[in-house]
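Reader: Hi! I have just started learning to read protein structures. Could we go through one together?

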Amino acid sequence: MLQDPSLDGRFGEFGGRFVPETLVPACQELESAFRDAWADPSFRKELDDLLRDYAGRPSILTECHNLGKQLGIRLLLKREDLNHTGSHKINSVLGQVLLAKRMGKKRIVAETGAGQHGVASATAAALLGLSCKVYMGEIDVQRQALNVFRMKLLGAEVVPAVSGSRTLKDAVNEAMRDWVATVEDTYYAIGSVMGPHPYPWMVRTFQSVIGQEASEQCHSLLDGKDPDVVVAAVGGGSNAIGIFSGFVDTKARLVGVEPAGGAAVGKGMPGVVHGMRSYLMQDEHGQVQEAQSISAGLDYPGVGPEHSYLASIGRAEYPSVNDQEVISAFQVMSRSEGIIPALECAHPMAWIIREAPKMQGQTVLMNLSGRGDKDVAQMMEILDGQI
Amino acid sequence: MSTDIGTLEAYLRKKRSEGHKLVVPYITGGFKGWTDAIRAAAANGADAIEIGIPFSDPVMDGPTIQHASETALHGGATPISILHELRSVDVGIPLAVMCYYNTVHHAGHERFANSLREAGVCAAIVPDLPLEESGLWCAAADASGIETVMLAAPTAPDDRLPRIIDRCRGFVYAVGLLGVTGERDTLATSALTLAKRLKAITEMPVLIGVGVSDAQQAAEACTIADGVVQGASVMRRLIEEDADAVGEYIAEVRKAVDQC
């Protein structure tokens with residue numbers, strides 16, 4: 001099992017609670033409410049029921065026979081793309097919005113990159129009767145127009161973040177500014193294993209259902225064995241930590257794939273932004289750099305603190321792939337398996353394709369954390385005339 | 001831990017003991033005309049100046065100071081260039097910096113504290129470094145003689161305020177409202193409520209900042225608090241006009257608070 005953070009919210013040297021004083025009591029209240037809820041069987045049952053009857057869990061495990069044969073590996077996909085709303089984000093959001101209700105909050109704010117967390121938040125808020133405002137970088141509003149419309153259909157208000165790089169980083173800033181002003185009646189539903197303590201730990205706890213299921217499913221399929229390699233995309237890192245949580249005690253290689261233009265672990269150094277100390281892409285003066293990725297969901301210069309910790313102790317590795325490799329993997333997966341992946345998940349797929357010659361005969365489990373419908377319009381533009 | 005009263009606190013206490021309310025304008029370092037604005041503010045009755053070191057992700061700031069920060073960064077301002085320029089600014093009143101924690105963390109605690117001292121700065125305000133995370137920085141700041149101003153927010157329960165005050169140096173920064181920096185039509189009632197709670201438990205100067213938007217609101221804040229910090233209303237004048245407009249505004253605030 002992944003370890004719990006220390007009382008001051010640290011995974012090793014990473015994490016913490018670097019927030020304006022106004023938000024400290026709210027983070028403390030949230031930590032205590034989460035501990036209380038997680039220990040309460042009635043809360044756990046309510047969440048499990050929603051995950052099963054509303055989100056469609058457990059998600060299945062699919063073996064990719066065609067691609068596996070082509071690549072000379074055994075390739076398994078954990079199908080989080082088949083969850084309600086189309087990604088793993090619903091796992092955490094159902095937990096968080098249930099918790100918000102339990103805490104008596106009336107309103108949800110969330111940030112979103114590709115829009116998957118925004119859609120999941122809007123969905124959970126609609127289901128559970130809370131109002132919802134989603135901040136989304138202005139550039140992402142343009143490249144993910146479909147998800148913007150979905151959020152609006154679900155009754156959420158979508159506010160473009162027009163400051164800074166106008167992507168996920170700035171959507172987080174705007175959501176935090178909103179929360180500073182509305183903290184008394186508002187719950188901030190953070191979309192990844194990032195932010196101030198207890199968010200990285202709490203979101204990981206909600207996402208660990210992915211790893212638990214995958215572990216059991218692998219044991220059943222592989223005669224009690226574990227896969228040799230477990231791979232997932234890493235932006236903030238919630239889908240990766242979710243699947244890693246089921247295999248951290250095994251001998252499996254854990255691989256988090258970052259975009260080349262947003263490689264916080266690969267190219268960053270420890271820094272503090274968005275409430276946490278973690279690897280962060282920054283310039284020589286400590287200004288946070290703008291990430292550049294084809295995938296709005298991974299377009300983030302930081303990473304969740306537990307990933308920084310797993311990297312620092314050598315338990316997980318964080319290679320990167322470039323946009324060209326991703327565009328190619330997106331098409332390979334669609335044609336070979338009939339599965340259109342989210343651009344985020346085309347990152348681990350690209351890594352697998354690149355590294356397959358070194359993994360011949362091995363079993364590779366990849367978290368397919370989201371479906372690619374949202375990316376089709378963007379890919380139509382990129383692949384214009386090439387298909 | 002040293003509990004000697006530092007330069008900023010001694011200066012503000014002395015002014016207060018003379019029956020004076022405290023006016024502390026905020027000016028974004030590196031923004032066009034910023035050193036002239038410091039001089040103009042000092043010449044027109046400011047008691048200390050808070051200089052912002054711009055950061056890429058200022059989560060406690062609203063649109064005006066975000067704009068000033070972005071503009072300064074695009075103009076090439078860095079923490080080093082700002083502190084370097086400050087060395088040539090001697091206005092005879094204490095200078096503090098406001099910076100986000102990554103600026104401190106990136107430079108290194110001791111190195112940053114020393115660089116402030118060498119630039120003639122006597123205090124620091126780090127709005128995303130709450131009490132529980134402040135130990136390393138405060139130790140380095142204490143050792144360099146830099147006073148760390150702590151923020152107290154309306155959301156703090158009663159048992160938290162004395163702990164904040166214990167760790168605070170210079171003055172207590174009472175956050176006037178729930179929200180980020182920026183001008184508002186009226187002074188929030190939370191400002192006076194928090195100032196009252198703080199004044200009841202400390203002799204340290206209590207200044208209200210965030211949402212103190214004009215001379216009249218400053219005077220209202222000073223009916224309870226020892227003074228005010230004003231940022232967005234100052235920076236709007238520097239953005240839209242010039243350093244002279246900042247000077248005129250500070251004179252107006254000075255006059256209003258002196259009458260209360």
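Predicted model: local features only at pLDDT ≥ 70, side-chain atom pairs only at ≥ 80, totals over all residues.

Reader: Over how many bridges do β6(B) and strand β7 of chain B pair, and in which sense?

Author: Strand β7 of chain B covers residues 172-175. One of the links to look for joins B:L151 to its bridge partner B:Y173 in β7(B). Altogether β6(B) and β7(B) pair in the parallel sense, over 2 bridges.

Reader: Which strands of chain B stand at the edges of the sheet, and why is one side of each left without a neighbour?

Author: Let's read the order of the open sheet, which is formed by 9 strands with parallel pairing: β5-β4-β3-β2-β1-β9-β8-β7-β6 (chain B). Each edge strand has a single partner strand, so one side of it has no neighbour in the sheet. The two edge strands of chain B are β5 (147-149) and β6 (151-152).

Reader: Helix α1 of chain B packs on that sheet; what angle does its direction make with that of β1(B)?

Author: Start by finding the helix at residues 7-17 of chain B. It touches β1 (22-28), β3 (95-98), β4 (123-125) and β5 of chain B. Compared with the direction of β1(B), the direction of α1(B) makes an angle of about 140°.

Reader: In chain A, are helices α2(A) and α4(A) oblique or parallel to each other?

Author: Two packed helices are described by the angle between their axes and the distance between the axes. Here α2 (residues 41-53) and α4 (residues 89-102) of chain A pack at about 140°, with axes 10 Å apart. Angles over 145 degrees would count as roughly antiparallel. The two helices α2(A) and α4(A) are therefore oblique.

Reader: How many nonpolar, polar and charged residues are in the contact of α2(A) with α4(A)?

Author: From α2(A), the contact takes A:F43, A:E46, A:L47, A:L50 and A:L51. From α4(A) come A:N91, A:L94, A:G95, A:L98 and A:R102. By class, that makes 6 nonpolar, 2 polar and 2 charged residues.

Reader: Which element gives the most to the side of chain B that touches chain A?

Author: The contact takes 31 residues from chain B and 28 residues from chain A. On the chain B side, the elements giving two or more residues are α3 (63-74), α5 (101-107) and β6. By class, this side has 18 nonpolar, 9 polar and 4 charged residues. The element that gives the most, with 6 residues, is α5(B).

Methods. Residues numbered from 1 in each chain as written. Chains lettered and ligands numbered in written order. Pairing = 2+ DSSP bridges. Helix = DSSP H or I, 4+ residues; strand = E, 2+ residues; numbered from the N terminus. Contact = placed C-beta atoms within 7 Å. Axes fitted to C-alpha atoms, helices over the stretch in contact; angles between N-to-C directions. Parallel < 35°, antiparallel > 145°, perpendicular 65-115°, else oblique. Nonpolar A, V, L, I, M, F, W, Y, C, P; charged D, E, K, R; others polar.
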